Amino acid sequence: MPGRATSPHIAKIRIEGTINENEKLMALIADAAEADAVKGVILSIDSPGAGTARRPRLAVLLGDPNGIGPEIAVKLLARAETLAQADVVVFADPSMLAAGERIAGKRVEMFRCTPRSIATRPSQPTLAAMDLIDANAITPGQATPAGGRAALLALEAAAEAALRGEVDGIVFAPLNKHAMRLAGLAQDDELRYLQEKLGVTGFVSEFNITGPLWTSRVTSHIPLRDVADAITGAGVVAAVRIADRYLKVAGVARPRIAVAGLNPHAGDGGSIGSEEIDVIAPAIAQVCAEGIDARVIEVYLGRSHAA
């Protein structure tokens, strides 16, 4: 407009109160940073900050007692840096922990509590001791009902602690789905078990993270012969939305999401399957209309935050 200054500007954004997940705020900061007329952004923050907040409290599970879980958990807990940013509560049978210590060649000193009365000490892991499995029933390398039961009971106890607000997250070492099914797992996997236990509705997904790249999926832990029928427009939309949402939570202001095809060569124009044309492309169009930056995988290969 005539008479309006055209010199570079400094944008100032004021933030007040406790800073939580806020997608609009992150988008506002990104818009200001990317504007041609803005050469700098000043954040004015009036917040109580993290100093008054409780440290995150994480439940750690040893996984299947017959697998590698107890060993790698012990090695992780023996590192001082593991305890630097969170309080750790290990839900485990002492016999599982002892087996892991023997294999790892390390001993971890722990403060003890019960699974229903969580207490922690700074810079020291806590053992929420449970009666999960007899030491003689630990048979490395085998999938057994006893091993599956131990993993399921620990997962259940950690989930209940999360529901009570006593832990903020759950970290588990490798589980054996076959062993858990032998022990009575009715859901497809541990994720769907936790979804039911925690009362989570809607779409849930795993994220696999390698450096800056996240990968997610529309289907999970079903037979390959069933995958094509399980690919739906609603499923693709939900998978893209959840990836976009949590990339923003992790600090990526404008996620770029690549969506893979189902068939070889993404169907090759419909000659090797039509799911890309009939299902996936319309789903991508829908999320793009919502403001999500998603494209077929060839477009964003090498430039994406998630796939």
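Why does Leu-43 count as partly exposed? Its relative accessibility is 40%, so Leu-43 falls in the partly exposed class. The views below are drawn from a predicted model.

**View 1. A nonpolar surface patch that includes Leu-43.** Leu-43 belongs to strand β2, which covers residues 38–46. Together with Val-41 and Ile-45, Leu-43 makes up a nonpolar patch on the surface. The accessible area of Val-41, Leu-43 and Ile-45 together is about 240 Å². In a regular strand, side chains alternate between the two faces of the sheet.

**View 2. The open sheet of 5 strands.** The strand order is β5-β6-β4-β3-β7, and the pairing is parallel. Strands β5 (111–113) and β7 (169–172) are the edge strands, each of them pairing on one side only. On average, neighbouring strands of this sheet are turned by 30° against each other, with direction ignored. Strands of a sheet pair through backbone hydrogen bonds, in either a parallel or an antiparallel manner.

**View 3. The pairing of β3 with β4.** Strand β3 (residues 57–61) and strand β4 (residues 87–92) run parallel and are joined by 5 bridges. Leu-61 has Phe-91 of β4 opposite it. Strand β3 is mostly covered, with 4 of its 5 residues buried.

**View 4. The largest nonpolar core.** This core has 42 residues. Leu-62, Val-90, Phe-91, Met-96 and Met-110 are the residues with the most contacts inside it. Two or more residues are given to this core by each of the strands β3, β4 and β6 (126–129). The helices that do so are α2 (69–77), α3 (94–104), α4 (145–163) and α6 (190–198). Helix α4 supplies the largest share of the core, 9 residues. Phe-91, one of the residues with the most contacts in the core, is also the residue that stands opposite Leu-61.

**View 5. The salt bridge between Asp-87 and Arg-55.** The closest N and O atoms of Asp-87 and Arg-55 are 3.1 Å apart. The pair links distant parts of the chain, 32 residues apart: Asp-87 is in strand β4, and Arg-55 is in the loop between β2 and β3. Asp-87 counts as buried because its relative accessibility is 12%. Arg-55 has a relative accessible area of 30% and is therefore partly exposed. The structure holds 13 salt bridges. Side chains of opposite charge can pair when their charged atoms come close.

**View 6. The salt bridge between Arg-241 and Glu-290.** The side chains of Arg-241 and Glu-290 meet with an N to O distance of 2.5 Å. Arg-241 is partly exposed, with a relative accessible area of 38%. Glu-290 also counts as partly exposed, at 40% relative accessibility.

**View 7. A network of salt bridges.** Glu-101, Arg-107 and Glu-109 are the residues linked in this network.

**View 8. Positive phi at His-221.** His-221 is a residue other than glycine, yet its phi has a positive value, near 55°. His-221 is placed in the loop between β9 (213–215) and α7 (227–230). With 36% relative accessibility, His-221 counts as partly exposed. Most residues other than glycine have a negative phi.

**View 9. Positive phi at Ala-266.** Phi of Ala-266, also a residue other than glycine, is positive and near 50°. Ala-266 is found in the loop between β10 (256–259) and α9. The relative accessible area of Ala-266 is 28%, so this residue is partly exposed.

Technical notes. Residues numbered from 1 in each chain as written. Predicted model: local features only at pLDDT ≥ 70, side-chain atom pairs only at ≥ 80, totals over all residues. Heavy atoms only, no water. Patch = residues over 30% accessible without salt bridge, like charges linked within 9 Å, V, L, I, M, F, W, Y side chains within 5 Å. Areas by Shrake-Rupley, 256 points an atom, 1.4 Å probe, with all protein chains shown as cover. Salt bridge = Lys/Arg side-chain N within 4 Å of Asp/Glu carboxyl O. Buried < 20%, exposed > 50% of the residue type's maximum accessible area, 1.4 Å probe, protein only. Pairing = 2+ DSSP bridges. Axes fitted to C-alpha atoms, helices over the stretch in contact; angles between N-to-C directions. Core = buried A, V, L, I, M, F, W, Y, C linked by side-chain atoms within 4.5 Å.
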